[in-house]
Amino acid sequence: MATEIEMKLSVPDTETLEKVLSDPELLQYTKDDYVTRHMKSTYYDTADNLLHQRRWTLRLRDEGGHMVAALKTANTSDDAGFFTRNEWQCTVDNIEDAIPILIDLGAPRELKTLLKGKELLPCCGAEFDRKSVCLFMDEGVRIEFAGDQGVLFGGGRKMPICELELELLYGDAGSLPPLCAQLENDYNLTEERRSKYERARSLAMEQE
């Protein structure tokens with residue numbers, strides 16, 4: 001099991017996103033060039049929304065031809081804009097095959113009981129290009145710094161996204177809020193307090 005710790009910032013437009021990604025103060029902490037990958041995520045639930053009721057996220061993501069399934073449990077952070085979730089991932093071709101693997105990796109065993117006799121159905125999704133790099137900050141802190149641009153979709157509706165994700169890879173989680181605050185001030189950004197899944201699911205639920 002890994003604990004995902006991240007913050008998201010909403011960016012008003014593509015031009016601003018490119019300015020942030022090329023910020024010289026940030027680039028001084030990089031050792032490599034940005035990597036751009038096309039992502040397509042499909043989120044799954046049962047017909048009676050058992051996973052959504054528990055605030056769990058079950059996802060199968062195509063990362064440039066590399067299929068990765070993930071289960072995330074509910075956000076445990078009380079701080080607005082801060083995401084702290086337990087996460088398990090595996091490489092797999094379809095979401096049904098992922099369930100026993102995720103449980104073996106430590107995902108809640110309740111998942112097996114919950115899904116017994118139930119069909120997993122795609123409920124919403126996201127498709128976007130991600131431009132990312134690792135920031136090697138002071139005191140050993142490492143942060144994946146990513147710009148995402150694309151669409152969320154659900155219930156036949158679409159919503160554009162243009163945002164930054166800052167995920168802590170190593171070090172003190174307290175390093176994220178000051179960095180995000182600086183970016184907010186410098187580029188007139190705002191905290192994004194909902195995950196991609198939550199926003200895509202809201203589109204689908206508007207049609208239910």
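How many aromatic pairs does the structure hold? In this predicted model, the structure holds 1 aromatic pair. The partners are Y43 and Y197, with ring centres 5.2 Å apart. Their planes meet at 55°, so the pair is tilted. Y43 belongs to strand β2 (residues 35-45), whereas Y197 belongs to helix α7 (residues 196-205). The pair therefore ties together parts that lie 154 residues apart in sequence. Y43 and Y197 are both buried.

The charged end of K31 sits over the ring of F136, 4.3 Å from its centre. The charged end of K8 sits over the ring of F83, at 5.5 Å from the ring centre.

Strand β5 spans residues 82-91. This strand is mostly covered, with 7 of its 10 residues buried. Strand β1 (residues 2-10) pairs with β5 in the antiparallel sense, over 6 bridges. Within β5, E87 is the bridge partner of A2. Strand β4 (residues 67-72) also pairs with β5 in the antiparallel sense, here over 5 bridges. T91 in β5 stands opposite V68.

D93 has a relative accessible area of 67%. The cut-off for exposed is over 50%, so D93 is exposed. The C-alpha atoms of D93 and G140 are separated by 36 Å. Along the chain, D93 and G140 are 47 residues apart.

The largest nonpolar core contains 24 residues. Those touching the most other members are I143, F145, L164, L166, L176, L183 and L189. At least two residues of this core come from each of β1, α1 (14-21), β6 (121-136), β7 (142-154), β8 (157-170) and α6 (176-187). Helix α6 supplies the largest share, 5 residues.

Leaving aside neighbours within four places in sequence, F145 is in contact with V20, L21, L26, Y34, K131, S132, V133, L135, L164, E165, L166 and L183. A second, separate core holds 21 residues. Among them are L51, A69, V92 and L114.

How values were computed. Residues numbered from 1 in each chain as written. Predicted model: local features only at pLDDT ≥ 70, side-chain atom pairs only at ≥ 80, totals over all residues. Heavy atoms only, no water. Buried < 20%, exposed > 50% of the residue type's maximum accessible area, 1.4 Å probe, protein only. Helix = DSSP H or I, 4+ residues; strand = E, 2+ residues; numbered from the N terminus. Pairing = 2+ DSSP bridges. Core = buried A, V, L, I, M, F, W, Y, C linked by side-chain atoms within 4.5 Å. Contact = heavy atoms within 4.5 Å. Phe/Tyr/Trp six-rings, centres within 6.5 Å; stacked < 30°, edge-to-face > 60°. Lys NZ or Arg CZ within 6 Å of the ring centre and 35° of its normal.
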